[in-house]
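Dear colleague,

I am handing over the structure that we talked about, and below it I set out what was found. Please look it over before reading on.

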Amino acid sequence: MDQYVVFGNPITQSKSPFIHTLFARQTAQDMVYHAEQPDRDGFTVAADRFFAQGGRGCNITAPFKEEAFQYAQQLTERARLAGAVNTLKKLDDGVILGDNTDGEGLVQDLLQHQVPLKGKRILLVGAGGAARGVILPLLAQQPAEVVVANRTEAKAQQLAALFSSYGTIASQAIDELDGLTFDIIINSTSAGLSGQLPSLPHSLISSQVTCYDMVYSTQTTTFNQWAKDLGAHRTLDGLGMLVGQAAESFMLWRGLRPSAKQVQRELRLQLQL
Ligand code: NDP
């Protein structure tokens with residue numbers, strides 16, 4: 001049976017085995033998918049062992065995405081620009097291909113929720129690894145503009161410069177966002193993990209704007225609650241992105257597109273979200 005794994009540390013909370021097991025069942029694939037927690041300095045040894053034992057592909061989550069980027073022998077363009085890899089696949093000639101499916105997972109989730117991106121103004125809050133991973137897939141949808149704003153402004157400027165030849169992208173200081181309008185605001189900061197909010201002006205929220213928080217939780221996330229209270233048109237959390245990135249990995253490994261929508265429904269039921 002074909003073997004797949006997700007590497008992370010910690011890994012006990014990972015939803016990936018649940019998601020991929022449902023994908024495999026849905027598409028009648030003969031495969032198993034489990035979770036493994038290498039030591040913090042043990043990713044390369046664990047990945048070497050996995051592939052030497054016939055493993056076909058793996059997902060990689062924190063803190064190993066940059067190491068997986070180094071580990072890959074070949075990279076997709078989106079992984080190269082993301083500077084991080086969340087999916088590895090052993091190709092038929094034995095070469096290990098690295099991909100990053102996070103951004104496409106986000107895009108597919110937005111489109112599935114009928115949030116159009118083409119011609120839209122998108123504010124991307126945060127400039128960490130998650131932000132960097134989603135910019136190329138967002139630009140590929142031909143938005144009017146992607147504006148990156150981050151607490152540490154220099155990082156937003158660096159991201160805007162890195163992607164400037166791939167579409168219309170700019171950076172903006174957080175304290176200069178007041179008065180600007182966007183169709184979609186994506187929170188890619190980790191502020192919500194500690195119940196905090198990036199300090200955004202209230203004027204960004206109107207009844208026209210869709211807000212997306214990459215974080216998800218059993219309660220409405222801090223950012224989405226803030227946006228709801230101010231009357232946002234719609235709020236979405238990052239569970240759909242999680243399932244979406246998994247679907248893209250599955251597609252890369254198996255050549256089949258599973259139904260992310262069905263699995264997202266089952267995962268929400270299981271997590272009581
Ligand atoms: P990083 O550590 O690389 O970046 C964190 C970002 O959050 C930086 O831009 C940082 O700003 C900002 N930030 C942190 N705390 C605050 C705060 N209190 N106020 C304002 N900004 C803050 O993390 P990642 O980019 O890898 O991950 C970000 C989030 O995205 C995580 O919560 C992660 O769980 C989520 N994620 C979700 C995925 C999904 O599938 N749903 C996939 C990938 C990530 P500064 O530069 O100033 O420090």
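How many residues surround the ligand, and which are the closest? There are 21 residues around the ligand, and the closest are Ala 130, Asn 150, Arg 151, Thr 152 and Lys 155, where a residue counts as near if one of its heavy atoms lies within 4 Å of the molecule. This is a predicted model, in which local features need pLDDT of at least 70 and side-chain atom pairs count only at pLDDT 80 or more, while totals for chains, interfaces and linings use all residues. Residues are numbered from 1 along each chain as its sequence is written, and side-chain values use heavy atoms, with hydrogens and water left out.

Turning to polar contacts (pairs of N or O atoms within 3.5 Å), one oxygen atom of the ligand is 2.8 Å from a polar backbone atom of Ala 130. An oxygen atom of the ligand also lies 2.7 Å from an N or O atom in the side chain of Asn 150, and a nitrogen atom of the ligand is 3.0 Å from a polar backbone atom of Gly 238.

The shell around the ligand divides into nine nonpolar, ten polar and two charged residues, with Ala, Val, Leu, Ile, Met, Phe, Trp, Tyr, Cys and Pro counted as nonpolar, Asp, Glu, Lys and Arg as charged, and the others, Gly among them, as polar. By that division, the lining of the largest pocket has 21 nonpolar, 22 polar and six charged residues; a pocket here is an open set of points on a 1 Å grid over the protein atoms alone, where a 1.4 Å probe fits, with protein on both sides within 12 Å along at least five of seven lines, and lining residues have an atom within 4 Å of a point.

With best wishes

Technical notes. A polar contact is a pair of N or O atoms within 3.5 Å; within protein, one must be able to donate a hydrogen and the other to accept it, and residues adjacent in sequence count only if both atoms are side-chain atoms.
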